[in-house]
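Here is a short briefing to read alongside the model. Have a look at the structure first, then join us for the details.

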Amino acid sequence: NSANMHWVIHMRTDAGHVAADSRVRQALKLATDHQSIIDAVRPGLASVGNGFSPVGPAFGALHLVEKPVMNLENAKALIAEAGFAKGLTIDLVAQNQLDVIPIATVWKEQMSKIGVTVNIQVIPTDVYYGEGENSWLKCDFGITDWGSRATPVTYFNLAYVSDGPWSSSHWKDAEFDDLVHQVGIEMNADKRAELYHKLQRILIDRGPVIVPYFEKAVVGVSKNLHGVELPSDWARTRFWNALS
């Protein structure tokens, strides 16, 4: 896995929203089959990671190696405990680009197995990243694309700490905030990796996102073309030095 480009299914967790209940978040996580999403949407060209953190395998020792757990019975029990024994309906906003609608379609089918009905609302990408009620920072559930970053703490500071400017989930967790501050100033590599693992553990246990998969960068090569290098973030590929 040469990049950390990934998608995030994010859930609003502030008061008045259904995913404010950690049992709902955990149920949706337990019902998600990451590998099946990959097999249907991007077969052979993605990796699962640990399922609920933006820190993918591309970050080496900073990545917490842990396979996501799937348990439909536990998911159903949590949904019932949260007050939705007769079923739950949620609206998932899907921007009309790349893998989003296929991801949403497969995830919708998976959630139906625990009594959760997912209504997919398809909107243009410019509307999704706009200011309207269905925009990524306002919708209850959405699917957002993230490119590679030099260090994982960048993801945390942008979207996961309490005052993150791109906190689409509106999630607040004081312990998480404190650990993010610590990891940003820790100079010892082993201690920094340990802090990153603790942060990922929190995201797995009570965090606000599902990460369906991390993309693998792929390139086609021709013996007649020279001078093109594929960067870790494939979107940054340039052909300025291409020779044929």
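A residue is called buried under 20% relative accessible area, exposed over 50%, and partly exposed in between, with a 1.4 Å probe and protein chains only. This is a predicted model, in which local features need pLDDT of at least 70 and side-chain atom pairs count only at pLDDT 80 or more, while totals for chains, interfaces and linings use all residues. Residues are numbered from 1 along each chain as its sequence is written, and side-chain values use heavy atoms, with hydrogens and water left out.

**Strands and crossover**
- Strands β3 (residues 88-95) and β4 (residues 116-123) run parallel and are joined by eight bridges; strands pair if DSSP finds at least two bridges between them.
- Helices (H or I, at least four residues) and strands (E, at least two) are DSSP runs, numbered from the N terminus.
- Within this pair, Thr-89 stands opposite Thr-117 of β4.
- Between β3 and β4 the chain passes through helix α4 (residues 100-112), giving a right-handed β-α-β crossover; right-handed means that, with the strands pointing away from the viewer, the path from the first strand over the helix to the second runs clockwise.

**Helix α4**
- The 13 residues of α4 reach 18 Å from first C-alpha to last, close to the 18 Å expected at 1.5 Å a residue, where the expected span is 1.5 Å times one less than the number of residues.
- Buried residues of α4 include Val-100, Ile-103, Trp-107 and Met-111.

**The cavity**
- A cavity is a set of points on a 1 Å grid over the protein atoms alone where a 1.4 Å probe fits but cannot get out, and its lining residues have an atom within 4 Å of a point.
- Grid points are joined across faces, edges and corners, and a volume is the space filled by probe spheres set on the points.
- The count comes to one cavity of 30 Å³ or more, and the largest cavity has a volume of about 50 Å³.
- β1 (6-11), β5 (141-146) and α6 (153-160) each supply at least two residues of its lining.
- Among the lining residues are Val-8, His-10, Trp-146, Tyr-160 and Ser-168.

**Positive phi in two loops**
- Most residues other than glycine have a negative phi.
- Leu-98, in the loop between β3 and α4, has a positive phi near 45°, and it counts as exposed because its relative accessibility is 60%.
- His-170, in the loop between α6 and α7 (174-185), has a positive phi near 55°; at 27% relative accessibility, His-170 counts as partly exposed.

Definitions and conventions:
On a 1 Å grid over the protein atoms alone, a cavity is a set of points where a 1.4 Å probe fits but cannot get out, and a pocket is an open set with protein on both sides within 12 Å along at least five of seven lines; lining residues have an atom within 4 Å of a point.
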